[in-house]
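Hello,

Here is the structure we talked about. My notes follow below it.

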Amino acid sequence: MFYPSFKVHCDFCEKDITRYTKLVDANGLDTDMCVNCFLEGRQNEKHSKNNPYHVINRLTFPIYEDHWNAEEELLLIEGLEKFGFGNWIDIAEHLATDKTPEDVMSHYEKIYMSGKKFFASY
Ligand SMILES: [Zn+2]
C-alpha cells in the first residue's frame, strides 16, 4: 500500500519521482529509484543491481479534477464493480484516501453521470 500524496525522491540522484514511474527493491528494503539510475545500474548498501525489483507506475496526476488523481479514479471504477453502484461508503474505503462517501458520490455524479467529461490542465 502506498499513499498518493507522498513525495518520493530517487535515492541515487535525488530527483523528485513522485509523479514518475519508479523502481523499488523487491527484497523489502526501502529503496526508490528513478528509471535513469536503474538503467545505469546504480547500487548502494540497500540495493544491489542484481536484486529483484518492482516497477511502480504512480498515477498521482489528475484527470478530470485537480483534487482527484488517476489512481483514485481507477479505484472508484474498481470499487463500483466490486461493491456495486451506490455503495459509496465501501467505495470510499476502497480508495483509502481522504475522500468521504459524499465526495465520491458527488464526484461520480459530476464526472461520470453528467455526460460531459472535462479535463484538468496539467
Ligand atoms: Zn535517480
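Helix H3 spans residues 88-95, and its buried residues are Trp88, Ile91, Ala92 and Leu95. Buried means 20 or more other C-beta atoms within 10 Å of the residue's own; exposed means 12 or fewer, partly exposed is in between, and C-beta atoms are placed from the backbone. Viewed down the H3 axis, the buried residues fall within an arc of 100°, so they line one face of the helix. That arc is taken over the directions from the helix axis to the C-beta atoms. An α-helix has 3.6 residues a turn, so residues three or four places apart point the same way.

The buried residues of H3 pack against helix H2 (70-83) and H4. Contact here means C-beta atoms, placed from the backbone, within 7 Å. Ala96 follows H3 and has a positive phi, near 55°.

This is a predicted model: local features need pLDDT of at least 70, side-chain atom pairs count only at pLDDT 80 or more, and totals for chains, interfaces and linings use all residues. Numbering starts from 1 along each chain as its sequence is written.

Next, H4. Ile111 belongs to this helix (residues 101-111). Ile111 counts as partly exposed because it has 18 C-beta neighbours inside 10 Å. Glu65 is 46 residues from Ile111 in sequence, yet their C-alpha atoms are 8.7 Å apart.

Overall, the protein has four helices and three strands. Their order from the N terminus is β-β-α-β-α-α-α. Both are DSSP runs numbered from the N terminus: helices are H or I, at least four residues; strands are E, at least two. Of the 122 residues, 20% count as buried.

Best wishes

Definitions and conventions:
Contact = placed C-beta atoms within 7 Å.
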